[in-house]
Amino acid sequence: MRHFPPRRIICLTEETVETLYLLGEQDRIVGVSGYAVRPPQVRREKPRVSAFVSADIPKILALEPDLVLAFSDLQAGIVADLVRAGVDVHVFNQRDIAGILTMIRTLGALVGATGRAEELAQGLERRLTAIAATHRPSPRPKVYFEEWDEPLISGIGWVSELIEIAGGEDVFPKLRHRQAAKDRIISADAVREAKPDVILASWCGKKVVPARIRQRDGWSDIPAVRDDRIIEIKSPIILQPGPAALTDGLDAIVKALWG
């Protein structure tokens with residue numbers, strides 16, 4: 001980087017945006033993903049330079065970033081273009097709660113805010129521990145989290161972990177370690193056989209339509225469908241691997257399971 005800490009940062013996903021705001025380092029941000037909505041003022045304060053798997057490279061270069069923050073192999077094409085243009089890029093790849101906390105600490109180190117990042121991470125850890133220790137009635141409700149509907153895709157790692165912290169039981173726990181969505185594709189029969197008590201759905205930014213879930217062949221006898229416990233959780237608070245998932249996302253799961 002030309003400067004340390006970097007003075008001009010572009011964030012290609014939402015979770016690093018929110019983290020920098022929480023660290024009080026938002027003035028370093030000069031460009032964000034179009035999906036960045038947390039905190040609300042980001043949409044009026046920062047120029048949008050990318051979607052998720054595409055970006056306006058000329059616009060990014062014109063902003064003269066010291067550092068671009070990206071996420072996962074899904075943004076590898078964008079990253080390659082930026083690296084070829086001589087831009088410094090850090091790519092995060094967190095897929096579970098431990099990874100989210102590490103991202104926060106790493107980002108803090110990158111911007112010279114190690115102490116505040118550690119305080120933020122420890123506060124989130126204490127919150128998770130307290131919620132996990134909350135006494136809940138037995139048995140634990142069986143939960144199916146649907147990340148996409150065509151094909152059916154079950155929840156990624158941190159979502160599965162949050163379901164358990166909230167007092168539920170993920171019906172497909174073995175899939176949590178599969179990073180790619182294509183490796184978490186499941187059949188409608190598998191869900192029917194799992195008999196979830198609650199269905200949580202977040203269709204990657206597309207509005208969830210519970211009626212379509214209820215109308216699936218053979219699903220009328222699933223307890224969650226029979227008892228009308230199909231609940232949408234908005235994508236920005238659960239499908240971004242950052243502070244949102246560990247706060248509002250977890251709270252939404254707790255509310256869905258326990259009211």
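Is Ile-78 buried or exposed? Ile-78 is buried, with a relative accessible area of 5%; here buried stands for under 20% relative accessible area, exposed for over 50% and partly exposed for what lies in between, with a 1.4 Å probe and protein chains only. The model is a predicted one, in which local features need pLDDT of at least 70, side-chain atom pairs count only at pLDDT 80 or more, and totals for chains, interfaces and linings use all residues. Residues are numbered from 1 along each chain as its sequence is written, and side-chain values use heavy atoms, with hydrogens and water left out.

Ile-78 sits in helix α4, residues 76-84 (helices are DSSP runs of H or I, at least four residues, and strands are runs of E, at least two, numbered from the N terminus). Neighbours within four places in sequence aside, Ile-78 is in contact with Leu-12, Phe-52, Val-53, Ser-54, Ala-55 and Ile-57, contact being heavy atoms within 4.5 Å. Take Ala-55: 23 residues separate Ala-55 from Ile-78 in sequence, yet their C-alpha atoms are 6.6 Å apart in space.

Glu-25 is found in the loop between α1 (14-22) and β2 (29-33). Glu-25 also counts as buried, at 10% relative accessibility. Again leaving out neighbours within four places in sequence, Glu-25 is in contact with Leu-20, Val-111, Ala-113 and Arg-116.

Then there are the nonpolar cores, sets of buried Ala, Val, Leu, Ile, Met, Phe, Trp, Tyr and Cys residues joined through side-chain atoms within 4.5 Å. The largest has 51 residues, and Leu-69, Leu-162 and Ile-253 touch the most other members. A second, separate core of 18 residues includes Tyr-144, Leu-175, Val-208 and Ile-230.
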